[in-house]
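Biologist: I would like to go through this model with you, term by term. Please set each value against its definition.

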Amino acid sequence: MKILVGISKSPDTTSKIAFTDNSTKFDENGVQYIVNPYDEWYALVRALELKETLGGTVTIVTVGAAADEAVIRKALAIGADEAVRIDADPKDAYYTAVQIAEYAKEKGFDLILTGKETINYNGSQVAGMIAESLDMPFVSLATKLDVNGSTLKLEKEYLGGIQEVEVGLPAVVSCAKGMAEQRIPNMRGIMAARTKPLTVIPAAQVDELISFTGYTMPPAKSAVKMISPDNMDELVSLLHNEAKVI
Amino acid sequence: MSVLVYINGVHGIGKNAFEAVTYGKKLGDVTVVTNGNVDDAALAKLGEYGASKILVDKSLNNADDQQLTKMIENAANQTGASTIVFVHDHIAKNVAPRLSVRLKAGLVSGAIALPDGDGTIKVNVFSGKAFGSVKVNTAKKIISLLPNSIQPENNGGSAAVESFSANAGDTKVKVLATKQPEGDIPLPEADLVVSAGRGLKGPENWGIVEDLAKALGAATACSRPVSDADWRPHHEHVGQTGIAIRPNLYIAAGISGAIQHLAGVNGSKTIVVINTDPEAPFFKAADYGVVGDAFEVLPRLTEAVKKFKASH
């Protein structure tokens, strides 16, 4: 089975979120980048599990600058066979998705996996856009994925519950929690990653459909009002009269 | 301006649908396109919130992403809509990106407000830790609206319901089963949420959380360690790697308030934190705090809510 996993970098989940250049740019000062957790923990690890049971290859692809190669090596250390970096700034989801689709078309991938969203932009857009660009079916927010010959059987998050679906290959799937367990790269993996092929390819000419023009932080909360654990009537009354939420 | 709002009618028309129609109405003349075997009275209700026309394909129930994309594309072409509005739920995440490519229309995911004066639209970024302003560079726009971002407005209008043939082609993603919790309030659209964490010590103790939720008419949620330990189902996990919610009231018991958890809930209007540890970081993000044992405080709060409900 030939699997492509789209990965993105994202700031470490404990990063301080701040903006610079008059609040138009994310402040990267002191920020540690990681492989976006959904891409790594669920999409990549499930791809590796499938390769281990069914054979085949796992290729990772990212749209990014040379500086992102540290993040790519981490994904290789976990076990991907090879990596492709499309040399461009991932301007928006459409730009990113079309670059990946351009790379993937006619390469004969059976399955294309990504995380359900990045933890920085939370758009949930790229996987569906790759699917449309390649005219493949798309299953979003999958929590379980099994391969049965040329058919995928999946469970996906669906309106507060779970839906079981079936789809023929090739297909695009975005992966959510439940799909696989996080793997920590071992020393052998880290050593091997240094010599695995990392191909850099030029970007295609693609439009940007949206742009982020600025960022704001949520307004600061006013001080917490403490209530005695013996006086829940007071809390209920505050929720009704002051907060007006019940 | 002509606005098309996509509503999934397969599971009935809910509050989020009224929010999306209200949002669309603020932008222009609203046509709703919907699918699923939903009754006309429920559809007509959308007219009260500002839809002037409703296109429905009742035969399309278990439609997949490509079929819904084609249906909405056909409806957009028929109505000449320049803006398409989705409820930012699991279906929108499946369909809106496809439609964006197909129409070459910029997609604003997780919008939390109407467009600002300069036309940019605010969205949640960094898992709710900040807001971003999005400018759409294309003539056609797609806006996927986060639940609980706008107050639905019933203006008592009415809409013509027309049957619509989606011309959606074959199903490629076949639905084998749909399991939805019976009678529960779906977490993403709940106004009131009661959530608990490791402080509850074990899944067998969730009764006191459910009792409070029931008394309030709230949905239940949990923190990541609780869903990781399988005490509660994954879909209840709120936080950076779970879901982000924006209820009016979020009550958190036995959750310390790690930054990753706060990311999922800091869009809540009012936050109540119950914790034995007065130094728990969650108190800094709370509106009301109770230092106490959840096992004592939750039942007391449930009783107080019942007493309040009985007298109001």
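Biologist: How many bridges join E9(A) to E10(A), and do they run parallel or antiparallel?

Modeller: E9(A) and E10(A) are joined by 6 bridges and run antiparallel. Strands pair if DSSP finds at least two bridges between them, so these two count as paired. Within the pair, A:Ala142 stands opposite A:Lys156 in E10(A). A word on the source: this is a predicted model, where local features need pLDDT of at least 70, side-chain atom pairs count only at pLDDT 80 or more, and totals for chains, interfaces and linings use all residues. Residues are numbered from 1 along each chain as its sequence is written, and chains are lettered from A and ligands numbered from 1 in the order in which they are written.

Biologist: Why does B:Asn275 count as buried?

Modeller: The count is of other C-beta atoms, placed from the backbone, within 10 Å of the residue's own: 20 or more is buried, 12 or fewer is exposed, and in between is partly exposed. B:Asn275 has 26 such neighbours, so it counts as buried. Of the 312 residues of chain B, 59% count as buried. For the 246 residues of chain A, the figure is 50%.

Biologist: Which residues does B:Asn275 contact, leaving aside neighbours within four places in sequence?

Modeller: A contact needs C-beta atoms, placed from the backbone, within 7 Å. B:Asn275 has such contacts with B:Gly199, B:Gly254, B:Ser256, B:Ala280, B:Phe282 and B:Val291. B:Asn275 itself is found in strand E14 (residues 270-275) of chain B.

Biologist: Which strand is joined to E14(B) by 5 bridges?

Modeller: That is strand E13 (residues 249-253) of chain B, and the two run parallel. B:Ile251 stands opposite B:Val272 in E14(B).

Biologist: What is the order of the open sheet of 6 strands?

Modeller: The order is E15(A)-E15(B)-E14(B)-E13(B)-E11(B)-E12(B), with parallel pairing. E15 of chain A and strand E12 (219-222) of chain B stand at the edges. Each has a single partner strand, so one side of each is left without a neighbour in the sheet.

Biologist: How do you know that E15(A) and E15(B) pair in the parallel sense?

Modeller: E15(A) and strand E15 (residues 288-291) of chain B share 2 bridges in the parallel sense. A:Met226 has B:Gly289 as its bridge partner in E15(B).

Biologist: How many residues does each chain give to the contact?

Modeller: Chain A gives 64 residues and chain B gives 74 residues. On the side of chain A, the largest share, 8 residues, comes from E11(A). That side divides into 34 nonpolar, 21 polar and 9 charged residues. Here Ala, Val, Leu, Ile, Met, Phe, Trp, Tyr, Cys and Pro count as nonpolar, Asp, Glu, Lys and Arg as charged, and the others, Gly among them, as polar.

Biologist: What are the domains of chain B, and how far apart are their centres?

Modeller: The bounds come from an automatic or database domain assignment. It gives domain 1 (2-163) and domain 2 (187-310). The C-alpha centres of these domains of chain B lie 30 Å apart. In contact are 12 residues of domain 1 and 10 residues of domain 2. The domain 1 side divides into 2 nonpolar, 7 polar and 3 charged residues.

Methods:
Two residues are in contact if their C-beta atoms, placed from the backbone, lie within 7 Å. Helices (H or I, at least four residues) and strands (E, at least two) are DSSP runs, numbered from the N terminus.
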